Amino acid sequence: MDVHKTRLLGGDMNDHINETVVLIGEVLSHDGNNVVDLKSADGTQIRVIFDEAMSNLSKFVEVTGKVSPDGTLVGWTMTNFGENFDLDLYSETLKLVEAHKDVFQP
């Protein structure tokens, strides 16, 4: 069964507690193990905690996971988005998607 995954900005996470989400951000720090701190497209800092160690992170990553009540993201998967990604353009795109939900969401 396919689960709907909401693409969001970090500032919207509190509206999606216990939901599956997709977040793209810039890697600010990595503890060398399973904790990654990201800056989302709206500038919000998000802590992502994975079940296993992550390695070979690019500057920008996409994380799919579940929003915890404490505001962290429990990461399930991570995809590298390379060293050049326009977070401002991505933020504007998400705002357009939100404004036109009838077109973009099931």
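Reply: Begin with a loop residue: Asn-56 lies in the loop between β4 and β5. Keep in mind throughout that this is a predicted model.

Me: Is Asn-56 buried or exposed?

Reply: The relative accessible area settles that, and over 50% counts as exposed. Asn-56 has a relative accessibility of 67%, so it counts as exposed.

Me: What is the phi of Asn-56?

Reply: Asn-56 has a positive phi of about 55°, although it is not a glycine. Asn-18 also has a positive phi, of about 65°, and is not a glycine either. Asn-18 is found in the loop between β1 and β2. At 49% relative accessibility, Asn-18 counts as partly exposed.

Me: Now a strand residue. Where is Glu-62, and is it buried or exposed?

Reply: Glu-62 is in strand β5, which covers residues 60–67. Buried means under 20% relative accessible area. Glu-62 is at 13%, so it is buried.

Me: Which side chain has a polar contact with that of Glu-62?

Reply: The partner is Arg-7, and the polar contact between the two side chains is 2.9 Å. Not counting residues up to four places away in sequence, Glu-62 touches Arg-7 and also Val-22, Leu-23, Ile-24, Thr-77, Met-78, Thr-79 and Phe-81.

Me: How do I read a nonpolar core? Which residues touch the most other members of the largest one?

Reply: A core is a set of buried nonpolar residues joined through their side chains. The largest here has 16 residues, and Leu-38, Val-48, Phe-50, Val-63 and Leu-73 touch the most other members. The elements giving two or more residues to this core are β2 (20–30), β3 (35–40), β4 (45–50), β5 and β6 (73–80). Apart from this core lies another, of seven residues, among them Ala-41, Phe-60, Leu-87 and Tyr-90.

Me: Take Val-48 as an example. Which residues does Val-48 touch, not counting residues up to four places away in sequence?

Reply: Val-48 touches Asn-34, Val-35, Val-36, Leu-38, Val-63, Leu-73 and Gly-75.

Me: Next, helices. How many residues does helix α1 have, and how far does it reach?

Reply: Helix α1 spans residues 87–99 and has 13 residues. From its first C-alpha to its last it reaches 18 Å, close to the 18 Å expected at 1.5 Å a residue.

Me: Which residues of α1 are buried, and why do they line one face?

Reply: The general idea is that an α-helix has 3.6 residues a turn, so residues three or four places apart point the same way. In α1, the residues Leu-87, Tyr-90, Ser-91 and Leu-94 are buried. Seen down the axis of α1, the buried residues fall within an arc of 100°, so they line one face of the helix. They pack against β1 (6–7), β2, β3 and β5. On the other side of α1, Asp-88, Leu-89, Leu-96 and Ala-99 are exposed.

Me: Which residues is Ser-91 in contact with, leaving aside its neighbours within four places in sequence?

Reply: Ser-91 is in contact with Leu-9 and Ala-41. Its relative accessible area is 6%, so Ser-91 is buried.

Me: What caps the N-terminal end of α1?

Reply: Asp-86 does: one of its side-chain oxygens lies 3.1 Å from the backbone nitrogen of Asp-88.

Me: How are aromatic pairs described, and how many are there?

Reply: A pair of aromatic rings is described by the distance of the centres and the angle of the planes. The count in this model comes to three aromatic pairs. The rings of Phe-60 and Phe-85 have centres 6.1 Å apart and planes at 45°, so this pair is tilted. Phe-60 lies in strand β5 and Phe-85 in the loop between β6 and α1, so the pair ties together parts 25 residues apart in sequence. Phe-60 is buried, with a relative accessible area of 5%, while Phe-85 counts as partly exposed at 25% relative accessibility. Ring pairs link Phe-60, Phe-81, Phe-85 and Tyr-90 into a cluster.

Methods
Residues are numbered from 1 along each chain as its sequence is written. This is a predicted model: local features need pLDDT of at least 70, side-chain atom pairs count only at pLDDT 80 or more; totals for chains, interfaces and linings use all residues. Side-chain values use heavy atoms; hydrogens and water are left out. Helices (H or I, at least four residues) and strands (E, at least two) are DSSP runs, numbered from the N terminus. Buried means under 20% relative accessible area, exposed over 50%, partly exposed in between (1.4 Å probe, protein chains only). A polar contact is a pair of N or O atoms within 3.5 Å; within protein, one must be able to donate a hydrogen and the other to accept it, and residues adjacent in sequence count only if both atoms are side-chain atoms. Contact means heavy atoms within 4.5 Å. A nonpolar core is a set of buried Ala, Val, Leu, Ile, Met, Phe, Trp, Tyr and Cys residues joined through side-chain atoms within 4.5 Å. The expected span of a helix is 1.5 Å times one less than its number of residues. The arc is that of the directions from the helix axis to the C-beta atoms. Rings of Phe, Tyr and Trp (its six-membered ring) pair if their centres lie within 6.5 Å; planes under 30 degrees apart count as stacked, over 60 as edge-to-face and the rest as tilted.
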